[in-house]
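Me: Let's go through this model in short questions. Please keep each answer brief and end on the value or name I ask for.

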Amino acid sequence: MRRGLRFVPLALLLAVVLELAVFVGVGRALGFGAAVLLVFAASLLGLVLLRREGMRAWRGFRSAAAAGQPPGGQVTDGLVGLAGALLLAVPGLVSGLVGLLLLVPPVRRLARAGVRRATERRVSSMVAGDLFGPRTVRVRQGAPQPTPQPTPEPQQPVVVDGGRAIEGEIVEPGRH
């Protein structure tokens, strides 16, 4: 089991407690009916956006695949949009606010970049290249870094008979 997975139940419990505390606070400030209506409206908006974001993600993936481009950018954008819509659809004021933030373009770009970095760290370079295309690298200018001393070259094998094939038979020791 991975180290981070054992904290998931605790994180979920804390999320539920936070949601309840915020709901009670909003209920006291605006009234219980207004708080329930706010949660219901956010969930309804999330359900509508869930369908829209899902279709948008699918269209982006198909257009990238049809154009022969790496689909990683469209996939990560779609995942962030779907996560935002899903968090909006889940009843709760805090999750709704986080979901709404994920749908705002600047926050969405930051989240998309984070998803891309996390994906590139977890998959091989070849898979990352297939998903996202060639990587961009930063080149530092300045004083050259010391280079390691070259290792001595291994000895070249001895070439017999000018490199032509020699007909022969392999005999294992002990078997004649």
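**Salt bridges, helices and surfaces**

Me: Is Arg56 buried, partly exposed or exposed at 38% relative accessibility?
Reply: Buried means under 20% relative accessible area, exposed means over 50%, and partly exposed is in between (1.4 Å probe, protein chains only). Arg56 has 38% relative accessibility, so the residue counts as partly exposed.

Me: What kind of model is this, and which pLDDT do side-chain atom pairs need?
Reply: Residues are numbered from 1 along each chain as its sequence is written, and side-chain values use heavy atoms, without hydrogens or water. The model is predicted: totals for chains, interfaces and linings use all residues, local features need pLDDT of at least 70, and side-chain atom pairs count only at pLDDT 80 or more.

Me: How many helices does the protein chain have?
Reply: Helices (H or I, at least four residues) and strands (E, at least two) are DSSP runs, numbered from the N terminus. The elements run α-α-α-α-α-α from that end. There are zero strands, and the number of helices is six.

Me: What share of the 176 residues in the protein chain is buried?
Reply: The cut-off is the one given above for buried residues. Of the 176 residues in the chain, the buried share is 20%.

Me: Which residue forms a salt bridge with Glu53?
Reply: A salt bridge puts a side-chain nitrogen of Lys or Arg within 4 Å of a carboxyl oxygen of Asp or Glu. Glu53 is buried, because its relative accessibility is 1%. The closest N and O atoms are 3.4 Å apart, and the partner is Arg56.

Me: How many residues apart in sequence are the parts that Asp77 and Arg112 tie together?
Reply: The two side chains meet in a salt bridge, at 2.8 Å from N to O. Asp77 lies in helix H3 (residues 72-89) and Arg112 in helix H5 (residues 105-122), so the parts tied together are separated in sequence by 35 residues.

Me: How far apart are the closest N and O atoms of Glu120 and Arg116?
Reply: Both residues lie in helix H5, four residues apart, about one turn of the helix. Glu120 is buried, with 17% relative accessible area. Arg116 is partly exposed at 30%. They form a salt bridge, and the closest N and O atoms are separated by 3.1 Å.

Me: Which residues do salt bridges that share partners join into one network?
Reply: The structure holds seven salt bridges. Those that share partners join Arg52, Glu53, Arg56, Asp77, Arg108 and Arg112.

Me: How far apart in space are Val24 and Ala35, C-alpha to C-alpha?
Reply: Val24 lies in helix H1. Val24 counts as partly exposed, because its relative accessibility is 42%. Val24 and Ala35 are 11 residues apart in sequence, and their C-alpha distance is 8.4 Å.

Me: Is Leu10 buried, partly exposed or exposed at 47% relative accessibility?
Reply: Leu10 is found in helix H1. With 47% relative accessibility, Leu10 counts as partly exposed.
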